[in-house]
Amino acid sequence: MSDDSPETPPCPARRRSWRWVLVLLIVLMTAGFVASQSLVGRAIALPGWVTSEIEERLNTRLGDSGATLGQSVVEFDGNGAPQVLLRNVGIRDARGVRIATLNQVSAALSLHDVLRGEVAPSTLNVSGAQITVRRSVDG
């Protein structure tokens with residue numbers, strides 16, 4: 001026994017649900033684009049725990065020396081690439097004595113690398129560097 005009955009077309013409700021899914025997807029994509037464009041050129045201060053985490057990782061890499069951070073900020077350029085700004089950076093020697101103060105250190109990051117989970121600055125700028133020079137007792 002063969003089934004020669006023609007295939008029934010999909011019900012209209014099923015077609016309407018796909019249209020709603022498509023409309024919702026377009027609305028979400030548009031909202032995401034508008035939100036991303038609204039971030040361009042704006043400085044967003046990162047929470048204190050993020051600044052503490054950056055400071056901790058930096059101190060781990062510095063070894064005996066250390067650093068203190070006042071504030072961390074992120075900005076996005078026109079291409080969506082992030083730039084991290086570290087403000088009021090203090091550098092201290094192994095004895096804990098502050099030897100340098102940097103008003104701002106900025107690191108431009110590659111958006112492609114950030115999306116892969118890698119943080120490797122493409123450029124690094126330092127502004128407002130002040131150093132402390134101390135002379136020992138014997139000259």
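Trainee: Why is Leu 25 called partly exposed?
Mentor: Its relative accessible area is 46%. Buried means under 20%, exposed over 50%, and partly exposed lies in between (1.4 Å probe, protein chains only). So 46% makes Leu 25 partly exposed. Leu 25 sits in helix H1, residues 12–38. The model is predicted: local features need pLDDT of at least 70, and side-chain atom pairs count only at 80 or more, while totals for chains, interfaces and linings use all residues. Residues are numbered from 1 along each chain as its sequence is written, and side-chain values use heavy atoms, leaving out hydrogens and water.

Trainee: What makes Asp 93 and Arg 95 a salt bridge?
Mentor: A salt bridge needs a side-chain nitrogen of Lys or Arg within 4 Å of a carboxyl oxygen of Asp or Glu. Here the closest N and O atoms are 3.1 Å apart. So the pair qualifies.

Trainee: Which of the labels, buried or exposed, goes to Asp 93? And to Arg 95?
Mentor: Asp 93 has 15% relative accessibility, so Asp 93 counts as buried. Arg 95 has 70%, so Arg 95 is exposed.

Trainee: How do you know that Asp 113, Arg 116 and Glu 118 form one network?
Mentor: Follow the bridges. Asp 113 meets Arg 116 at 3.0 Å, N to O. Arg 116 also bridges to Glu 118, with the closest N and O atoms 3.1 Å apart. These salt bridges share partners and join the three residues into one network.

Methods: Helix = DSSP H or I, 4+ residues; strand = E, 2+ residues; numbered from the N terminus.
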